[in-house]
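Subject: Structure for your review

Dear colleague,

Please find below the structure that I am handing over to you.

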Amino acid sequence: MLSSREYNFDADTVCSFTSENYLNAAAPPYTYYVRKHNPTIIYDSVASVPARLARHRNFNDLVADVNASAVPQWLFVTPNLVDDAHDTSVDFASNWLDFWLPTFLADPNFNNNRTIILLTFDENETYDINNRIYTLVLGGG
């Protein structure tokens with residue numbers, strides 16, 4: 001179950017996560033997650049049902065699930081605003097992805113003959129250029 005330390009919910013079920021700034025300790029706290037990057041929280045059928053809301057978990061929980069061979073049938077991973085290159089660079093996001101994805105792809109508890117990973121990068125740097133969405137399909141499925 002999520003603790004208030006992990007997520008803060010207001011009356012409108014706005015989901016965000018703010019913590020110390022791990023890139024710059026001298027900077028003020030940083031909001032790493034916002035509601036728009038968590039698609040299922042937008043639905044009242046999720047946000048207003050505590051049991052469904054509790055299924056929103058953090059990345060550390062995913063690692064524990066993989067180690068316990070308890071990966072759910074469907075999961076959605078959204079990097080935070082630093083690791084998804086919103087507030088950093090494509091190189092920074094690539095380093096984050098390179099840190100965890102090869103390990104998961106090599107782990108049979110995660111990547112078996114039913115696993116499909118859709119890795120999508122959906123933004124460009126300017127609104128003046130049409131956005132092209134890049135998706136890579138990975139996994140044993």
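The notes below go from the overall fold to the core and then to individual residues.

Please bear in mind that this is a predicted model.

Overall fold

The protein contains 4 helices and 5 strands. Along the sequence these elements are arranged as β-β-β-α-α-α-α-β-β. The protein has 141 residues, and 27% of them count as buried. Its accessible surface amounts to about 10200 Å², with 54% of that area belonging to carbon and sulfur atoms. Among contacts with a separation of 6 or more, 40% are made by residues 24 or more positions apart.

In soluble globular proteins, nonpolar side chains tend to be buried together. In this model, the largest nonpolar core consists of 8 residues, namely Leu-62, Val-66, Trp-96, Trp-100, Leu-101, Phe-104, Phe-110 and Ile-117. Helices α3 and α4 (90–106) each contribute at least two residues to this core. The largest share, 4 residues, is supplied by α4.

The structure holds 4 aromatic pairs, and one aromatic cluster is formed by Trp-96, Trp-100, Phe-104 and Phe-110.

Helix α4

The length of α4 agrees with expectation: at 1.5 Å a residue, its 17 residues should span 24 Å, and its end C-alpha atoms are 24 Å apart.

The buried residues in α4 are Ala-93, Trp-96, Trp-100, Leu-101 and Phe-104. An α-helix has 3.6 residues a turn, so residues three or four places apart point the same way. The cover over the buried residues of α4 includes α3, β4 (117–121) and β5 (134–138). Leu-101 is one of those buried residues; beyond its neighbours within four places in sequence, Leu-101 is in contact with Ile-117, Leu-119 and Leu-138.

Is Asp-65 buried or exposed? Asp-65 has a relative accessibility of 12%, below the 20% cut-off, and therefore counts as buried. This residue belongs to helix α3 (residues 59–67). Apart from neighbours within four places in sequence, Asp-65 is in contact with Arg-57, Ala-70, Val-71 and Pro-72.

The loop between β4 and β5

Asn-124 is located in the loop between β4 and β5. Its relative accessibility is 33%, so Asn-124 counts as partly exposed. Leaving out neighbours within four places in sequence, Asn-124 is in contact with Ile-129, Asn-130 and Asn-131. Asn-124 and His-86 are 38 residues apart in sequence, while their C-alpha atoms are 9.9 Å apart in space.

With kind regards

Definitions and conventions:
Residues are numbered from 1 along each chain as its sequence is written. This is a predicted model: local features need pLDDT of at least 70, side-chain atom pairs count only at pLDDT 80 or more; totals for chains, interfaces and linings use all residues. Side-chain values use heavy atoms; hydrogens and water are left out. Rings of Phe, Tyr and Trp (its six-membered ring) pair if their centres lie within 6.5 Å; planes under 30 degrees apart count as stacked, over 60 as edge-to-face and the rest as tilted. Buried means under 20% relative accessible area, exposed over 50%, partly exposed in between (1.4 Å probe, protein chains only). Contact means heavy atoms within 4.5 Å. Accessible areas come from the Shrake-Rupley method with a 1.4 Å probe; for residues, only the protein chains shown count as cover. A nonpolar core is a set of buried Ala, Val, Leu, Ile, Met, Phe, Trp, Tyr and Cys residues joined through side-chain atoms within 4.5 Å. The expected span of a helix is 1.5 Å times one less than its number of residues.
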